[in-house]
Amino acid sequence: MKNVFVVEDGQTEQTMIKALLNHAGFKVDVASDADEAWDWLQKNTLPDLIVLDIVMPGKSGLELCRMIQEDEKMKDIPVIFCSSKSEEFDRFWALRQGAKAYIVKPYAPKELIDTVYAHIR
Amino acid sequence: MENRPGPTHNSPSDLAEASERLSFPETAQNSDYLLNLLVQANSLEQAGDEDAACILYEEIVAIDRYSSWGASAQKALQSIKDRGLGGDGDRPTREPSTDDESEASTLQLFSPGADDSQFPTGSTVETPAGRPTVWRQWTRAWRQLTVGTKLRAIAIASALLPIAVTGVVLLRPEPRPEMPNLESSATAGTRQRQALLWGGATAVVTVGTAIWVADRMAARLRAVSQYACALGGGNDADGRTADELSGLTLNLREIAHVLDRNREQILALDRQREREVDRQKREKERAQQQAIDLLLYIESARSGDLTVKVPTVEGEIGAIADAFNATIGSLRSLVAQVKTVSETVNQRAHSSQESVGSLADAAQTQSIELERALNSVVAISESIDRVSQSTQEAAAIARQASQAARSGETAMTQTVASMDKIRTSVANSSKKAKRLAESAQEVSQILESIVGIAEQANLLAFNASIEAARTGERGHGFRQVADEVRRLAGQVGEAAQNIGRSIDTIQEETAEVLNVFELSTSEVVAGTQWVSQTQQTLQGLTWLSQQIDGYLQDVASNTVEQAQASKTVSQTVETVAQIASTTASEAQKAIDSLQELTERVETLQSSVSPFQVK
């Protein structure tokens, strides 16, 4: 079973992503902010894909993505941004940080699952 | 695919309902239910049953369109709709605007001025030809007239134009230059015939034009009626009414109803648009505020505070802020590194300077010490040479000593033999002296007997003389003889005493001789022992001399090696002294370099000191 790691500060969003991905057959772990996520990544088996929110308290998803890209062990994990930042500019900048895809909230469930399927390693 | 109109999206009642729901708190129960619905809908969509999925999505939207679930469901409906359009129209899936475009094109098709699109329009005035012709001006003016004016103009034109043309032809004084073709054909006919002909032709043309215009207007009217019918709910008014205008009227009533229904919706949309405009305004203000904040952060970073961190926000400013944060982060770690490194380098340089200074001093001292050591080594070398010579001399002496000891030993053996002989001779002499002493003793005893006899003879003679004296003369002769005997006895006694004295002297001397002999004997014995010890000592001496000789031989060969070694040592020390000298000068150079380095590092430190990194 493939593992997906979701970093999202919104409780509802977290629940929804987890439910959708669980239902699609993925094992899902979640963290509510970047520091918690970084700790989790240090201590657990590395996931097959990471879904990141951008605006979070503390470090942003962009910073976390850069940290992941700079880590020798984690840099090959595909990252998907899932954010309410809908402007083209935000998409451009998020993808420049090394992410594979950018999904705008609110998203259609199928879009999320298709994107995860398309990029999971 | 089915193109769902989605009445739930737009109907005013739903909008009102949804806005009411906005105020409801999102209960956990509600969330669970919506989540469940969403997951089910998604499974159906994934399975390909999009109709069923749409129903569930719509239900989610109906329950709570403003929650995350509702927003997702709306997005899902939109994407299903887009895919449906894409499949039917055989064109790539596009943003929702495709729907608007198709509507817009439909509107344009039925718009009253649609036919005019085939005429040159105002926008084509600035074509490359660039000459607004009289014809275009006229058509534009005509298009701007109302339908009544146009009908009146056509009626007046159909009545007046033939009459006017006939009149002009009849009353024409001479052939007109504007119509050369008519003039060329009219040269043979009469003016009346021309007038009839022109009047008739003009009438035909005018009537034809009027019929054409009327047809076009009727067609437009039908199109408007159909469009109104379509707008009014699709009931075919034409089937129930006498003509287009009646149908149009009915349809317009329908439209009025629809418009009434839609007014509220439009008002709601207007409110929404106002909200949107407000939102955009706030968004713009927020962006401006964010930009100002960002600029302030950049300003403080520029003045050296690298600890700044711009909060992450949405939008362009957010992305720029994020990039700024990342850049400042890199710069911060760089400057921190530079600070740390320069401090370390400075400290190290200072301590190195001291170390190298002491190293230089040490090297200098070492150089001097090595000079001394070199001298010592040379002295040692010389000493070793001298030792070598002395050793050889000592070896020779030891050999001589050994030989001397050996000859001494021989002499001692001979001495021992001589001493033995002496001892024997002394012993013999002693015995003879003892016998002499004994003989003297015997003589002395005899002498004592003689002295006794002489004394008795003296006494007897004396007694005889006395006896003779008493007898008178006849005893005289006897008295003389007695006196003579008495004198002789006296003489014998004296002689015996003299002999006794001589014998005493002999005895004394014999005793002395015996003493001397005893002393000589004990001295000879002691001498023999000493000689024997001396002999042993001389043997030991010989052995020692031989050992010494052997050791000295070893020492001699060692000293040769030592001499060579000391030569090597002196060369090595010389080399080391040179190295020490070089080290001292290099250390001085290093001190100079370190001084320069310290100065540069201090410059660097003062350059980075304005930056705060902690």
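Two strands count as paired if DSSP finds at least two bridges between them. The exercises below concern a predicted model.

**Exercise 1.** Determine the strand order of the open sheet in chain A and identify which strands stand at its edges.

*Solution.* Step 1: the five strands of the open sheet follow the order E2-E1-E3-E4-E5 in chain A, with parallel pairing. Step 2: strand E2 (27–31) and strand E5 (101–104) of chain A each have a single partner strand, so one side of each lacks a neighbour in the sheet and both stand at the edges. Step 3: on average, neighbouring strands of this sheet are turned by 20 degrees against each other, direction ignored.

**Exercise 2.** Describe the pairing of E4(A) with E5(A), and state which helices pack on the sheet there.

*Solution.* Step 1: strand E4 (residues 79–83) of chain A pairs with E5(A) in the parallel sense over four bridges. Step 2: Phe81(A) has Tyr102(A) in E5(A) as its bridge partner. Step 3: helix H1 (residues 11–23) of chain A packs on the sheet and touches strand E1 (3–7), E2 and E4 of chain A. Step 4: helix H4 (residues 88–96) of chain A also packs on the sheet, touching E4 and E5 of chain A, and its direction makes about 145 degrees with that of E5(A).

**Exercise 3.** Classify the packing of H2(A) against H3(A).

*Solution.* Step 1: helix H2 (residues 34–43) and helix H3 (residues 61–70) of chain A pack at about 20 degrees, with axes 10 Å apart. Step 2: angles under 35 degrees count as roughly parallel, and H2(A) and H3(A) are therefore roughly parallel to each other. Step 3: the crossing is right-handed. Step 4: Ala34(A), Ala37(A), Trp38(A) and Leu41(A) in H2(A) meet Leu64(A), Met67(A) and Ile68(A) in H3(A). Step 5: the residues of this contact comprise seven nonpolar, no polar and no charged.

Methods. Residues are numbered from 1 along each chain as its sequence is written. Chains are lettered from A and ligands numbered from 1 in the order in which they are written. This is a predicted model: local features need pLDDT of at least 70, side-chain atom pairs count only at pLDDT 80 or more; totals for chains, interfaces and linings use all residues. Side-chain values use heavy atoms; hydrogens and water are left out. Helices (H or I, at least four residues) and strands (E, at least two) are DSSP runs, numbered from the N terminus. Axes are lines fitted to C-alpha atoms, for helices over the stretch in contact, and angles run from 0 to 180 degrees between N-to-C directions. Contact means heavy atoms within 4.5 Å. Angles under 35 degrees count as roughly parallel, over 145 as roughly antiparallel, 65 to 115 as roughly perpendicular and the rest as oblique. A crossing is left-handed if the near helix is turned anticlockwise from the far one by less than a right angle, and right-handed if clockwise. Ala, Val, Leu, Ile, Met, Phe, Trp, Tyr, Cys and Pro count as nonpolar, Asp, Glu, Lys and Arg as charged, and the others, Gly among them, as polar.
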